Every structure is written in C-alpha cells, then in structure tokens.
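The following note sets out points for a colleague reviewing this entry. Please read them alongside the sequence and the coordinates.

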Amino acid sequence: MKFLPLISAIVLAIALIFLLWKRPENLEQSRALEDAGTKAAIDPVPEEELIPPPTHDYYREGTRTPDGTGKYYLGREIAQVMGHPAINWLERPARIQEENPVRAVDLLELPEDAVIADIGAGSGYYTFRLAMKLEKGQVIAVDIQQEMLDFLEGRKEMLGLKNVSSHLGKIHDTRLQPESIDAALMVDAYHEFSHPYEMMTSIVRALKPGGQVILLEYRANDPRHNIKPLHTMSQEQVKKEMAVVGLEFEKTHDDLPWQHLMIFRKPLGQ
Ligand SMILES: C[S@@+](CC[C@H](N)C(=O)[O-])C[C@H]1O[C@@H](n2cnc3c(N)ncnc32)[C@H](O)[C@@H]1O
C-alpha cells in the first residue's frame with residue numbers, strides 16, 4: 001500500500017506522455033477534417049443539382065428608365081448589372097469618405113470563425129476587409145462575372161490571404177451549399193440582381209438557421225449623395241423584399257455617410 005502514490009504517479013506520467021505523443025497526430029487529423037468541411041462548404045453546387053425556386057408572380061414588365069432593365073420586382077425597377085470594366089470605379093479612393101468601410105465592417109457582429117459569403121463581391125473591396133476581420137473565418141466571394149473573380153484572385157495573392165475563396169454564381173442561384181454559411185453580405189449589389197427572388201431563395205437556403213443577411217445599400221432620396229436612383233434602396237422596399245423570402249428584420253445601422261446597413265435573420269426553425 002505504501003507504494004500506491006508512486007504507482008499512481010507513474011501511471012499518470014505514462015498517460016501524459018502518451019497523450020502528448022498522440023496530440024500532433026490528433027491535431028493534424030482534426031485540421032484535415034476541418035479543411036474538408038470548409039472545402040465542402042465552398043464547393044459550388046453542380047448545375048444539375050440546383051433546386052428550382054418556388055413558382056411566383058412577383059415580376060412585372062414596365063417602363064425602362066435610364067440604368068434600368070424595365071423588369072420590376074415588388075414595385076422596384078431592377079438596375080442594370082455593373083460590368084467589370086467599372087472595377088476602377090469600385091476601387092476609387094473616394095469610397096473611404098463616401099462609405100467609411102472600416103466602420104461598416106466594424107458594425108458587423110460575427111464570430112471570428114464565421115463563414116460569410118460576400119455576394120456580388122466585385123473586385124473584393126469588402127471581401128478583403130472582411131477576411132482581415134475574420135482571421136479564423138472564411139470569406140466566400142461570389143460573383144457572376146469571372147473577370148471580377150480573376151481580379152479578386154490576383155489581389156488575394158498580393159495580400160497573401162488564405163481565408164478567401166472565389167465562387168462563380170449564376171444570375172438566379174449562388175450555387176452555395178445548403179446551410180453552409182453564417183452570413184451573407186451584399187454591398188451595393190442586391191438592387192442589380194436580375195432575379196432577386198430566386199437569388200434570395202438560394203441565399204436563405206445556404207444560410208444556417210439563425211444566420212444573417214446583411215445589406216449595405218445607398219440610401220434612397222438622400223441629398224448627401226448623387227448616386228443614380230436605381231442604385232439606391234429605401235429601407236421600406238428592402239424590408240418588403242426580404243419578408244417575401246421569410247427573413248426577419250433585426251436592425252438598421254444608419255450612421256454611415258451614404259448607406260444604410262440592414263440586418264435580417266433566417267428564423268431558427270426555417
Ligand atoms: C456594383 S458591384 C459591387 C461590388 C462590391 N460589392 C463592392 O461594393 O465593391 C455589383 C456586383 O454584383 C455582381 N452581381 C450582379 N448580379 C449578381 C448575381 N445574381 N449574383 C452574384 N453577383 C451578382 C456584379 O457582377 C457586380 O460585380
């Protein structure tokens with residue numbers, strides 16, 4: 001009996017040595033599994049597996065105004081898509097004063113390991129700011145123009161960021177995996193989606209329950225800016241369009257220079 005403490009100490013020491021010896025392997029294994037999970041989340045859904053959205057009657061043809069498409073969704077004329085030759089405009093230095101992007105990204109309440117899709121990412125103006133905020137997270141930059149994604153990939157190399165992946169979507173579907181993202185951000189992009197109902201249906205499907213939809217749009221009828229009207233949105237219109245796909249309004253941050261940042265959630269049970 002008098003050797004019991006000694007025997008216990010030896011057993012404990014052996015167990016500790018064994019655990020420490022096994023640890024790197026376990027770590028590598030769990031990292032590989034994590035990588036596989038993330039990869040699965042960012043692999044685009046193959047075209048033949050895309051789920052068609054419910055049929056609806058929300059679109060109308062109407063007068064085509066300058067910068068517009070003549071296609072109306074719940075009373076709003078959809079704007080024309082900004083082509084990739086406008087990358088210089090997206091990267092204009094004046095955006096710092098016009099949008100205060102540092103503040104906008106600060107306002108996002110996301111866990112540091114969040115997986116977020118920047119939908120309509122363009123040149124990645126917000127993608128990279130997000131990636132720097134979410135050091136342990138992932139940013140999936142979705143766009144329908146390969147040229148935008150090529151530019152974004154070049155910049156990603158330059159910045160040496162590992163947590164950004166580019167993802168080619170379709171005009172009516174993000175091709176994101178179901179329940180694979182914690183949040184979807186759209187900056188100055190949603191108003192030009194040619195199929196907003198289908199896109200939002202696909203975004204809601206890609207969100208985990210309780211996930212966020214974050215819209216950063218230029219405020220409609222704001223005399224402080226001269227953004228073309230079809231490239232602005234009122235809060236009332238945004239709320240109407242998000243409600244149609246079952247999203248719940250959470251809050252608006254209205255202290256950015258020219259934009260409002262609106263946050264919606266996918267209900268837990270959906
Ligand atoms: C005005 S740019 C904004 C880019 C970026 N968010 C920014 O703030 O710099 C809008 C982008 O949305 C993209 N876009 C338009 N329709 C889209 C869709 N259905 N799915 C994904 N991206 C889309 C366009 O290709 C374009 O790059």
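This is a predicted model: local features need pLDDT of at least 70, side-chain atom pairs count only at pLDDT 80 or more; totals for chains, interfaces and linings use all residues.

1. Pro196, Glu198, Met199, Met200, Thr201, Ser202, Ile203, Val204, Arg205 and Ala206 are the buried residues of helix H7. Because 10 of the 11 residues of this helix (residues 196-206) are buried, H7 is largely enclosed by the rest of the structure.

2. Which elements cover the buried residues of H7? The cover includes the strands E2, E3, E4 (115-119), E7 (181-187) and E8 (207-219), together with helix H8 (235-243).

3. The largest nonpolar core comprises 52 residues. Those touching the most other members are Ile116, Ala117, Ile119, Ile181, Ala184, Leu185 and Ile203; of these, Ile203 is also listed among the buried residues of H7. Strand E7 gives the most to this core, contributing 6 residues. As a general point, nonpolar side chains in soluble globular proteins tend to be buried together.

4. When neighbours within four places in sequence are left aside, Ile116 is in contact with Leu110, Leu130, Leu134, Gly137, Val139, Ile181, Asp182, Ala183 and Leu185. Two of these partners, Ile181 and Leu185, are themselves named with Ile116 among the core residues that touch the most other members.

5. An open sheet is formed by 3 strands in the order E1-E2-E3, with antiparallel pairing. Strands E1 (59-61) and E3 (76-79) stand at the edges with a single partner strand each, so one side of each has no neighbour in the sheet. On average, neighbouring strands of this sheet are turned by 45° against each other, direction ignored. Between E1 and E2 (residues 68-73), the antiparallel pairing runs over 3 bridges; Glu61 has Lys71 in E2 as its bridge partner.

6. How many residues surround the ligand? There are 22, and the closest are Gly120, Gly122, Tyr125, Val187 and Ala189. The shell around the ligand divides into 15 nonpolar, 4 polar and 3 charged residues.

7. For the chain as a whole, the secondary structure comes to 8 helices and 11 strands. Of its 270 residues, 32% count as buried. Among contacts in the chain with a separation of 6 or more, 67% are accounted for by residues 24 or more positions apart.

Note on methods. Residues are numbered from 1 along each chain as its sequence is written. A residue is near a molecule or strand if its C-beta atom, placed from the backbone, lies within 6 Å of it. Ala, Val, Leu, Ile, Met, Phe, Trp, Tyr, Cys and Pro count as nonpolar, Asp, Glu, Lys and Arg as charged, and the others, Gly among them, as polar. Helices (H or I, at least four residues) and strands (E, at least two) are DSSP runs, numbered from the N terminus. A residue is buried if 20 or more other C-beta atoms lie within 10 Å of its own, exposed if 12 or fewer, and partly exposed in between; C-beta atoms are placed from the backbone. Two residues are in contact if their C-beta atoms, placed from the backbone, lie within 7 Å. Two strands pair if DSSP finds at least two bridges between them. Axes are lines fitted to C-alpha atoms, for helices over the stretch in contact, and angles run from 0 to 180 degrees between N-to-C directions. A nonpolar core is a set of buried Ala, Val, Leu, Ile, Met, Phe, Trp, Tyr and Cys residues joined through C-beta atoms within 7 Å.
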